[in-house]
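Please examine the sequence and the three-dimensional structure shown below. The explanation that follows leads through them step by step.

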Amino acid sequence: MKLQGVMAAGAALLAVSMSFAAPPTFSKEEQRLRKAVDDAEMCFHFAGEFNGDGSAHDKEVARQQRQHCGKEGQQLVLRAYRKNPQDTRLYPAVLRLDGLMPGLTLPAAEKARLCAVAKTELACP
């Protein structure tokens, strides 16, 4: 009986670990794009960390945002996506930038299409 419980727990752990998508792979020539995708994720993360109370925590969050929320990287992600809207490696970054970047608001149908593939819980309903 105890062995069945251990096996069930192991199977559940395996199922959970398999549900996480492998990180997207980028070629050696695409390292700037890979960094921009990573920065989009961090920018989204830190946007949710800001309290607005001027605390030391807010100052650190602002420093991190300056490091990860650069317009150049965000524009690189969007240009790459517009050039190849079927590149699923870009979907999570584009979804995270939606609403964070001035002037970027994805149409509902496009957001739904990206969410269906990316399954980015925090950026998708």
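Tyr-81 counts as buried, because its relative accessibility is 5%; buried means under 20% relative accessible area and exposed over 50%, with partly exposed in between (1.4 Å probe, protein chains only). Tyr-91, at 2% relative accessibility, is buried as well. The model is a predicted one, in which local features need pLDDT of at least 70 and side-chain atom pairs count only at pLDDT 80 or more, while totals for chains, interfaces and linings use all residues. Residues are numbered from 1 along each chain as its sequence is written, and side-chain values use heavy atoms, with hydrogens and water left out.

Tyr-81 and Tyr-91 form an aromatic pair with 6.3 Å from centre to centre and 80 degrees between the planes, an edge-to-face arrangement. Rings of Phe, Tyr and Trp (its six-membered ring) pair if their centres lie within 6.5 Å; planes under 30 degrees apart count as stacked, over 60 as edge-to-face and the rest as tilted. Tyr-81 lies in helix α4 and Tyr-91 in helix α5 (residues 91–97), so the pair ties together parts that are 10 residues apart in sequence. Helices are DSSP runs (H or I, at least four residues), numbered from the N terminus.

Helix α4 (residues 71–83) also meets helix α2 (residues 31–47): their axes come within 9 Å and cross at roughly 115 degrees. Axes are lines fitted to C-alpha atoms, for helices over the stretch in contact, and angles run from 0 to 180 degrees between N-to-C directions. The two helices α2 and α4 are therefore roughly perpendicular, a term for angles of 65 to 115 degrees.

Notes
Angles under 35 degrees count as roughly parallel, over 145 as roughly antiparallel, 65 to 115 as roughly perpendicular and the rest as oblique.
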